[in-house]
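Morning, everyone. Please look at the model on the screen while I talk.

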Amino acid sequence: NGPVLSNVVFDNPIGIAVTASNSLISNNLIYDNAVIGLKLSQGTGPDIVNNTIYQVAGIGLRAETSVKNLRLRNNIIWAAGGTGVSIANDSQTGLTSDFNLLFASGTGVVGNWLGFTQTTLQQWQIATGKDANSLTSDPLFVDLDGGDNVLGYVLGGVDGSDDDFHLQSQFGS
């Protein structure tokens, strides 16, 4: 039940798995995980805030096995492939979600709710009744695959240390 704070997690089958928790999960960078970026199972009242999740495939954030009163706010979730947010039918009770940036590109989709895919933020908002104040747009990361143009870890020495998920300024200097 401890907090999960300020981690950088990439290139795993599952980036972060939290079970039976009501913890704060905040300020994490979770990217390029093969199956799920952030997996929540069971628990009541987990607070997911200020995280950046980038998925090339799989699911960015998955709540399953009776997660109750999940709160999602101020997260960037980008599905370049796969699904950004997937909430199982048994984990929808008490869900609050707003002020997120939910973006899909390529073959990615924003979400899955009641077993149905929502390709866009508008479809997600209509299906869930959530995220009224959320946005959808390219978050403009500085250089997500770094100077070597390789995202994350590659066997043989590329380690992801140059991947830059800082946000570009919208204003000139």
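Ground rules first. This is a predicted model, so local features need pLDDT of at least 70, side-chain atom pairs count only at pLDDT 80 or more, and totals for chains, interfaces and linings use all residues. Residues are numbered from 1 along each chain as its sequence is written, and side-chain values use heavy atoms, with hydrogens and water left out.

Let's start with the rings. A pair of aromatic rings is described by the distance of the centres and the angle of the planes. Here, rings of Phe, Tyr and Trp (its six-membered ring) pair if their centres lie within 6.5 Å; planes under 30 degrees apart are stacked, over 60 edge-to-face, and the rest tilted. How many aromatic pairs does the structure hold? Eight.

Take Tyr-31 and Phe-165. Their ring centres are 4.6 Å apart and their planes sit at 45 degrees, so this pair is tilted. Tyr-31 is in strand β5 (residues 29-31) and Phe-165 in strand β20 (residues 164-167), so the pair ties together parts 134 residues apart in sequence. Strands are DSSP runs of E, at least two residues, numbered from the N terminus. Tyr-31 is buried at 1% relative accessible area, and Phe-165 is buried at 9%. Buried means under 20% relative accessible area, exposed over 50%, partly exposed in between (1.4 Å probe, protein chains only).

Next, Trp-78 and Phe-141. The ring centres of Trp-78 and Phe-141 are 5.8 Å apart with planes at 20 degrees, so that pair is stacked. Trp-78 belongs to strand β11 (residues 76-79) and Phe-141 to strand β17 (residues 141-143), so parts 63 residues apart in sequence are tied together. Both Trp-78 and Phe-141 are buried. One aromatic cluster is formed by Phe-10, Tyr-31, Tyr-54, Trp-78, Phe-103, Phe-141 and Phe-165.

On to Ile-87, in strand β12. Ile-87 has 1% relative accessibility, so it counts as buried. Setting aside neighbours within four places in sequence, its contacts (heavy atoms within 4.5 Å) include Leu-61, Leu-70, Trp-113 and Trp-124. From Ile-87 to Thr-136 is 49 residues in sequence and 19 Å in space, C-alpha to C-alpha.

Now Ser-91, in the loop between β12 (83-87) and β13 (96-98). Buried or exposed? Buried, at 1% relative accessibility. The Ser-91 side chain reaches the backbone nitrogen of Glu-64 at 3.5 Å. Beyond neighbours within four places in sequence, Ser-91 is in contact with Ala-63, Glu-64, Thr-65, Ser-66 and Val-67.

What lines the largest cavity? Val-18, Thr-19, Ala-20, Ser-21, Leu-40, Ser-41, Gln-42 and Pro-46 do. A cavity is a set of points on a 1 Å grid over the protein atoms alone where a 1.4 Å probe fits but cannot get out, and lining residues have an atom within 4 Å of a point. β3 (14-19) and β6 (36-41) each supply at least two of the lining residues.

Last, the backbone. Most residues other than glycine have a negative phi. Asn-27 is not a glycine, yet its phi is positive, about 60 degrees. Asn-27 is in the loop between β4 (24-26) and β5, and is partly exposed at 43% relative accessibility. Asn-50 also has a positive phi of about 60 degrees. Asn-50 sits in the loop between β7 (47-49) and β8 (52-55), partly exposed at 32%.

Methods. 1 Å grid on protein atoms, 1.4 Å probe; cavity = no way out; pocket = protein on both sides within 12 Å on 5 of 7 lines; lining within 4 Å. Helix = DSSP H or I, 4+ residues; strand = E, 2+ residues; numbered from the N terminus. Polar contact = N/O pair within 3.5 Å; in protein donor to acceptor, adjacent residues only side chain to side chain.
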